[in-house]
Amino acid sequence: MRTESADNPIKPKLRERIKLFFTTMTYLRAVKLLWCFFVSFFIAFFIYFKAVEYNFLYLFGSIPSITVLENPKVPLASELYTSDSVLIGRYYRENHAPTTYEKLSPHLINALVATEDIRFYDHAGVDLKALVSIPWYILRGKNRGGSTITQQLAKNLFNTRDSASQGLLADIPGFKMLIYKTKEWITAINLERSYTKEEIITMYFNTVEFGNNTAGVKTAAKFFFSASPDSLSLEDAALLVGVLKATSLYNPIRKPKNALKRRNEVLSQMNKYSFLTNAEYNRYVALPIKLNIYEEPTIEATGTYYTSAMTSYLRKWCKENNLDLYSDGLRIYTTIDSRIQQHAEDAMREHMRPLQKKFFAHWRGQNPWRDSKGQELPNYLENNIKKTAYYKYLKQRYKKTPDSIAIILNTPRPMKVFSWVGERDTILSPMDSLKYYKHFMQASVMSMDPHTGHIKAWVGGIEHKFFKYDHVKQSRRQPGSTFKPFVYAAAIDSMGYTPCSRIQDAYTTIRYVENGENKVWNPHNADWNFTGMNMTLRHAMGRSINTVTARLTELIGWETVAKYAQKMGITSKLAIVPSIGLGSSEVTLHEMVGAYSSFVNEGFWTEPTFITHITNRDGKVIKRFNPKRKKALSEESAWLMLYMLKGSIQEPMGTSGRLYSYRLMGNNNDIGGKTGTSSNHADAWFMGVTKDLVTGVWVGGDDNSIHFRTSDLGEGSKAALPIFGLFMEKIYEDASLGITKGPFRACNVEIKKPYVCPTYYPKVDSAALDSMNIIGGID
């Protein structure tokens, strides 16, 4: 029987061909499907990339534009400089200081490339080979990332992962990391298009953090090794690059063993990729870590009274001008001269050390806080502790158990305290430490160029670290007799008086109305005596005779005195009462120095200022600070007031006569001054003027209730004047300052009022002179 195949031999071949046809068609269809898949995937991926790039429907969050990429804003510390170009502090959240590619050690670059991105010079921002190999390494149990140096820069520089850059899809599980990585890929590719490889390396090293609040390799090299980036040794460069993996885990200060291990891993990578020979690797890997720490000065670390005042002002100014003091890289140039500042601080310390000893001895076994009758103030410490931030913190924390506050405040603990021989460790309770500190006398000094308004020295207390309150501008105290020149200036400038006009030093009764109530005031002199002399105004001011000042105030009107004080720069509220001329209203040292500048500056008041100009990170001046100026006195009156102020030294029994004991005279040097002492000797003042500087000094307790009890210790000529004397000695001895002895400027107008009217006392022997206190009268 014949089979079908035998009957038709063509059919098997046809079947094979048909089978081959369908197999080929299936293959082609599969290829087509695969091609369609890849095309579709590519299109979808392209659409996805573009959707992410342009933040389609706000689903993905923002991404840096090309404009932003080409103008990156790296946070940069702002710096504060003195007028003699000394860096006195830096403002920053992260301590950034940029460097250039030329200043980078080749060791740094080689270590970074070997460790983080060996194909850095071959890819265009994204290393596809590294990305594809990630699953292979994961299967082998190795944790290896695929981020390139450029991707890391994108993440560090533009915060592609912060909350502000997240879109609506960020909360869907699995999407967030994909979107993060996509943004970094896009940003990295755009960076590669905008910058050279060298620029990317430089930007990377300028933005990465190395721990210990150091951001950027320049700051890190200086902090860890006291070196510049181009002078780093190979092993030090490897250490810094190694730290980047985890700044806390590999911190060479806190975890040196971890840091050493990580450094050697970097060296191993450099050896692997032929940056080091085997011999070099073996030599470097055996070296220990050697740090040479350098602490950059910060505003907090170098805290002073003037930097604190400047910081408060700059924060406000930056806010008003849409600037960030801590990241915009501003350069602030101040008026402070570091040399003059140092002289002021040294003079203050030189005088206050022995004065404090006298104060301790004066109150030995007693507490110095007293009322006007000399009685100790009850509950003084308890009331003052409640004003502290620490007490307010405790009150908030222990709302339900207030008894705990008293226990904590009276529990001794280890602490460092201030002393005039240096910080000392001790054990005190918070209440005991408050009591300890309240026994210290405080002092402040401000010195200013009267012609420019530039503040050259600002000392707000005896030690900023322990006593934060600034007695230059924060503290308002009674100026005592240092306010008297405003009375004499008003009389000479507006009422026709002259330095030779005479008023009798005699018992005086002044009747006036205050708040609708009739009152009587009988001013007395500091020594409670009345000479009966018909004194010239110059002699009366030189000797600081209260009765003459009070009588003159009555004659010209206390409203006139207030008006002139305000014209000359006093902005504190003044009580319009007969005692205004004796300094009964509280003012700041800052105001007083500015006001006295009117006498030296031909009658013009110049606003005290502590900043000259500010530049941006590119060095462009964005603000110049020109102090306000206004006419306060005629030029003739200003010159006559300088002559009056010299009388405090030149007139017999002048209260500033002690200045003769300092090396200030000679070379026809002119110095004017005025002492001041408030009620109960709570405040001691001295205001001194020379042709170049106006300087104010205040000495007193933190509170009005803390003071000396006698004029021999507490008056202005004893407690404040010596600081001025010491200060000016140091100024004249410092040739680098260019401040020399010499006369005041000549008056440019004719002096029409009589002023030469010397006061003569009969000749007496030296014992009588001493008893009369000729060298320095009582203020």
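K465 is partly exposed, at 48% relative accessible area (buried is under 20%, exposed over 50%, partly exposed in between, with a 1.4 Å probe and protein chains only). Its side chain meets that of E423 in a salt bridge, 2.8 Å from N to O (a side-chain nitrogen of Lys or Arg within 4 Å of a carboxyl oxygen of Asp or Glu). Keep in mind that this is a predicted model, where local features need pLDDT of at least 70 and side-chain atom pairs count only at pLDDT 80 or more, while totals for chains, interfaces and linings use all residues. Residues are numbered from 1 along each chain as its sequence is written, and side-chain values use heavy atoms, leaving out hydrogens and water.

**Salt bridges**

- Helices here are DSSP runs of H or I with at least four residues, strands are runs of E with at least two, and both are numbered from the N terminus.
- E423 also counts as partly exposed, because its relative accessibility is 43%.
- D337 pairs with R339, their closest N and O atoms being 2.8 Å apart. D337 is buried at 7%, whereas R339 is partly exposed at 28%.
- R551 and E554 form another salt bridge, with the closest N and O atoms 2.7 Å apart. They are 3 residues apart in helix α21 (residues 546-556), so about one helical turn separates them.
- Both ends of that pair are partly exposed: R551 has a relative accessible area of 32%, and E554 comes in at 26%.
- E79, R90 and R331 are tied together in a network of salt bridges. Across the whole structure, the search finds 23 salt bridges.

**Cavity and pocket**

- The whole-structure search turns up 1 cavity of 30 Å³ or more. On a 1 Å grid over the protein atoms alone, a cavity is a set of points where a 1.4 Å probe fits but cannot get out; a pocket is an open set with protein on both sides within 12 Å along at least five of seven lines; lining residues have an atom within 4 Å of a point.
- The largest cavity has a volume of about 120 Å³, meaning the space filled by probe spheres set on the grid points, which are joined across faces, edges and corners.
- Its lining has 13 residues, with V600, E602, W639, L642 and R745 nearest the centre. α23 (589-600) and α24 (635-650) are the elements that give two or more residues to this lining, and α24 supplies the largest share, 4 residues.
- The second largest pocket holds about 760 Å³ of space and is lined by 20 residues, of which T388, L434, K438, F466 and D702 lie nearest its centre.
- α18 gives the most to that pocket's lining, with 4 residues.

**Surface patch and a loop contact**

- M25, Y27, L28 and V31 make a nonpolar surface patch with about 390 Å² of accessible area together. L28 lies in helix α2 (residues 10-53) and is partly exposed at 48%.
- S228 is in the loop between α9 (217-225) and α10 (234-243). S228 and K103 are 125 residues apart in sequence but 7.9 Å apart in space, C-alpha to C-alpha.

How values were computed. Patch = residues over 30% accessible without salt bridge, like charges linked within 9 Å, V, L, I, M, F, W, Y side chains within 5 Å. Areas by Shrake-Rupley, 256 points an atom, 1.4 Å probe, with all protein chains shown as cover.
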